[in-house]
Amino acid sequence: MANGTATPTDLDIRLEAHRTELTGYCYRMLGSSFEAEDAVQDTMVRAWRSYDKFEGRSSLRSWLYRIATNVCLDMLTAGNKRARPMDLTESTPLAQAALTPRPDNTWLEPMPDARVLPTTDDPAEAAIAKESVRLAFMAALQQLPAKQRAVLILREVLAWKASEVAELLGTSVASVNSALQRARATLAERQEPGADAAVSDPLDDDQQKLLDRYVAAFEGYDMTALTALLHEDAVMTMPPFDLWLTGTRDITGFMTTLGAPCAGSRLVPVQVNGLPGFAQYKPDPEKGGFTPWAVQVLEISDGRITGFHCFLDTQRWFPLFGLPLHLEAETDQVEQSA
């Protein structure tokens with residue numbers, strides 16, 4: 001079909017076919033769920049407006065990635081690097097715990113798998129895609145200069161050739177290779193031993209049993225059972241608060257003190273950042289039933305939970321995951337629509 005003869009409906013269909021993978025790319029670049037979706041929408045609008053100038057010298061996909069890259073680089077000019085609490089502060093002992101919030105644009109944000117991971121029949125490709133949106137890798141990406149970030153994602157995650165990346169960025173192959181080398185070195189320095197290394201895709205029987213035991217322990221608020229599932233150096237974070245806790249004693253101690261209102265919660269499984277997760281609803285003393293409290297993202301290694309990350313801005317996260325903002329008391333499960 002010639003570019004000039006594409007109907008609006010044809011073009012919509014062709015552009016929309018790339019939305020999920022572009023959202024994944026922009027999410028890795030920006031570290032923000034909502035900014036990524038804004039960037040993709042901006043990309044689509046720019047593509048619409050300039051489609052008559054697209055001469056087909058590259059594929060439509062390459063052209064869209066070029067636009068998306070420029071959009072992301074423009075958004076990153078402010079220099080903000082999204083982070084996890086452990087990237088910004090030291091671990092706080094429970095005795096000194098204080099819930100101090102920071103602005104939304106401080107934090108690396110969670111993202112439903114379905115919005116960023118295109119369907120593929122290649123297990124190896126699917127595994128790489130999941131690994132590349134996990135929280136530890138995403139946090140490391142945010143430490144890279146913007147163009148190094150783009151080069152590493154395009155080369156290592158999306159398997160573009162150096163020549164293709166050079167053309168997209170308007171630079172040389174040598175410059176692309178140099179940027180990739182520097183990016184790899186930075187990531188190697190920040191590598192966290194064992195972080196979510198043992199999460200298989202799909203989860204194996206032992207990992208699924210671990211999650212089943214976790215749900216039983218958390219919903220029963222059984223700290224003894226929960227302690228048995230946590231690695232001794234497990235980490236708990238709670239954005240937008242910059243507090244983070246290390247070790248089973250401080251984590252369970254927090255849950256039975258400041259976190260005591262979470263007793264009696266219900267957990268609904270979600271697929272988030274290539275990792276197992278849950279939408280947590282805690283009892284609602286005013287309306288009855290359960291009210292949203294957190295999207296939990298779990299990191300697993302060597303048969304234990306090593307990371308327990310709770311994203312608390314539920315008015316933003318639950319609609320993103322297609323989850324209701326209230327559960328009736330008799331409701332045990334929710335169909336995830338995202």
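At what angle do helix α9 and helix α11 pack? Hi everyone, let's start there. One thing to keep in mind throughout is that this is a predicted model.

Helix α9 covers residues 146-157 and helix α11 covers residues 173-190, and the angle between them is about 95 degrees, with the axes 9 Å apart. Angles of 65 to 115 degrees count as roughly perpendicular, and that is why α9 is described as roughly perpendicular to α11. On the α9 side, the contact is made by Q148, V151, L152, R155 and E156. On the α11 side, you'll find V176, N177, A179, L180, R182, A183, R184 and L187. Sorted by class, this contact of α9 with α11 has seven nonpolar, two polar and four charged residues.

Now please look over at the sheet. It is an open sheet of six strands with mixed pairing, and the order is β2-β1-β6-β5-β4-β3. Its edge strands are β2, at 241-246, and β3, at 266-272, each pairing on one side only. If we ignore direction, neighbouring strands here are turned against each other by 20 degrees on average. And what packs on this sheet? That would be helix α12, residues 205-219, which touches β3, β4, β5 and β6. The direction of α12 makes about 140 degrees with that of β5.

Strand β1, residues 230-238, pairs with β2 in the antiparallel sense, over four bridges. As one example, V235 has T246 in β2 as its bridge partner.

Next, the inside of the protein. Which residues touch the most other members of the largest nonpolar core? The core has 101 residues, and the ones to look for are M29, Y214, M236, M255 and F308. Helix α4, residues 60-75, gives this core its largest share, nine residues.

I'd like to zoom in on M236. Setting aside its neighbours within four places in sequence, M236 is in contact with L243, W244, L245, I251, F254, M255, F308 and C310.

Some of those names take us to my last stop, helix α14, residues 248-255. Is α14 mostly covered or mostly open? Mostly covered: six of its eight residues are buried. Those are T248, I251, T252, G253, F254 and M255. And where do they pack? The buried residues of α14 lie against α12, α13, β1, β2 and β6. So that you can find it, α13 is at 223-229.

Methods:
Residues are numbered from 1 along each chain as its sequence is written. This is a predicted model: local features need pLDDT of at least 70, side-chain atom pairs count only at pLDDT 80 or more; totals for chains, interfaces and linings use all residues. Side-chain values use heavy atoms; hydrogens and water are left out. Axes are lines fitted to C-alpha atoms, for helices over the stretch in contact, and angles run from 0 to 180 degrees between N-to-C directions. Helices (H or I, at least four residues) and strands (E, at least two) are DSSP runs, numbered from the N terminus. Angles under 35 degrees count as roughly parallel, over 145 as roughly antiparallel, 65 to 115 as roughly perpendicular and the rest as oblique. Contact means heavy atoms within 4.5 Å. Ala, Val, Leu, Ile, Met, Phe, Trp, Tyr, Cys and Pro count as nonpolar, Asp, Glu, Lys and Arg as charged, and the others, Gly among them, as polar. Two strands pair if DSSP finds at least two bridges between them. A nonpolar core is a set of buried Ala, Val, Leu, Ile, Met, Phe, Trp, Tyr and Cys residues joined through side-chain atoms within 4.5 Å. Buried means under 20% relative accessible area, exposed over 50%, partly exposed in between (1.4 Å probe, protein chains only).
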